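Try each task before you peek at the solution.

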Amino acid sequence: PEDIFASAPGLIFTDDLRNNHGDPGSTIVYKSKRFGDIELETADPSIERERQLFSHYLWNAGIKLAELISDEHADGGKWSVNGERVLELGAGVGLDGIVAILAGAAEVVISDYPSSVVLSNLRANVKRAVRDRGVESTYRIEGHEWGEFGTAFASEQRHSFSRILAADCYWMPGQHHNLVLSMLHFLTVDPRARIFVIAGFHTGRAKLAAFFDVALAEGLNVEEIYEEDAEGIQREWASERDGGREDHTERKKWLVIARLKR
């Protein structure tokens, strides 16, 4: 039922922007201006806990992040992943990690909740996307539950990544602290290291604002933050609009786009 109702408004009401794409077990083709068609299959998790993570969709925030990191000159090169060690958190179908590989990252780790269905789907998507392209990046797929650092992967890769990608990972306020802890755990101590944060407002502005509060409290700083709608119009970030009574249909058209650092 959640898949049907999540997709229905954008099909019934033409002014209602769709925030997610694909259905469980379906195929999406992302058309990259730089890399051509990237074919992505969505997972079909059967365990309720895994379905509630909604990693079987491609979200607009992930599409925007893919656009930014595919262009190494975007915003003066501030979104470049070329030559960097990159970690994607909450990868879903893996688009941003795939684009990072194609964009020349030195090494890419694509991670999501340690679900066998989700991880096997990620492996298939990445393998399909990079084959016959002559990529030089090394990459792997890892399961990682935010805030859990007892695994060999978490132990070995502490402070290892100069770029962390996290698109639409912010709709669970109860996980904000764990997510920030994972960001801090894996981010290098190099002052040039950055975390790329993009999220849609479809789950509520207050939830996104709460994430940034936690991030600041734990020692991260916001280098830049702004909002952008589906037409590319930009405006200043605001933690609250219209006294908290922001129109839901209009709100869904906007993303918050930010770069964080230590």
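**Exercise 1.** How much accessible surface does the protein chain have, and what share of it belongs to carbon and sulfur atoms?

*Solution.* Keep in mind that this is a predicted model. Start with the total: the accessible surface comes to about 11,800 Å². Then take the share: 48% of that belongs to carbon and sulfur atoms. Now look inside: buried residues make up 52% of the 262 residues in the chain.

**Exercise 2.** Work out how many helices and strands the protein chain has, and why it counts as compact as a globular protein of its length.

*Solution.* First, count the elements: there are 9 helices and 12 strands. For a picture of the extent, the C-alpha atoms fill a box of roughly 45 × 40 × 35 Å along the principal axes. Finally, check who touches whom: of the contacts between residues at least 6 apart in sequence, 71% join residues at least 24 apart.

**Exercise 3.** Find out which residues have the most contacts inside the largest nonpolar core.

*Solution.* This core has 42 residues, and the ones to pick out are Ile38, Leu40, Leu65, Ile69, Leu95, Ala100 and Ile110. Zoom in on Ile38: leaving out residues up to four places away in sequence, Ile38 touches Ile28, Val29, Tyr30, Leu95, Ile98, Val99, Leu102, Ala129 and Arg133. Apart from this core lies another, with 32 residues, including Leu179 and Leu184.

**Exercise 4.** Is serine 70 buried or exposed?

*Solution.* Locate serine 70 first: you'll find it in helix H3, which covers residues 60–70. The cut-off for buried is under 20% relative accessible area. Serine 70 has 11% relative accessibility, so it counts as buried. Beyond its neighbours within four places in sequence, serine 70 is in contact with Arg34, Phe35 and Val99.

Notes: Residues are numbered from 1 along each chain as its sequence is written. This is a predicted model: local features need pLDDT of at least 70, side-chain atom pairs count only at pLDDT 80 or more; totals for chains, interfaces and linings use all residues. Side-chain values use heavy atoms; hydrogens and water are left out. Helices (H or I, at least four residues) and strands (E, at least two) are DSSP runs, numbered from the N terminus. The radius of gyration is taken over C-alpha atoms; the globule rule is 2.2 Å times the number of residues to the power 0.38. Buried means under 20% relative accessible area, exposed over 50%, partly exposed in between (1.4 Å probe, protein chains only). Contact means heavy atoms within 4.5 Å. Accessible areas come from the Shrake-Rupley method with a 1.4 Å probe; for residues, only the protein chains shown count as cover. A nonpolar core is a set of buried Ala, Val, Leu, Ile, Met, Phe, Trp, Tyr and Cys residues joined through side-chain atoms within 4.5 Å.
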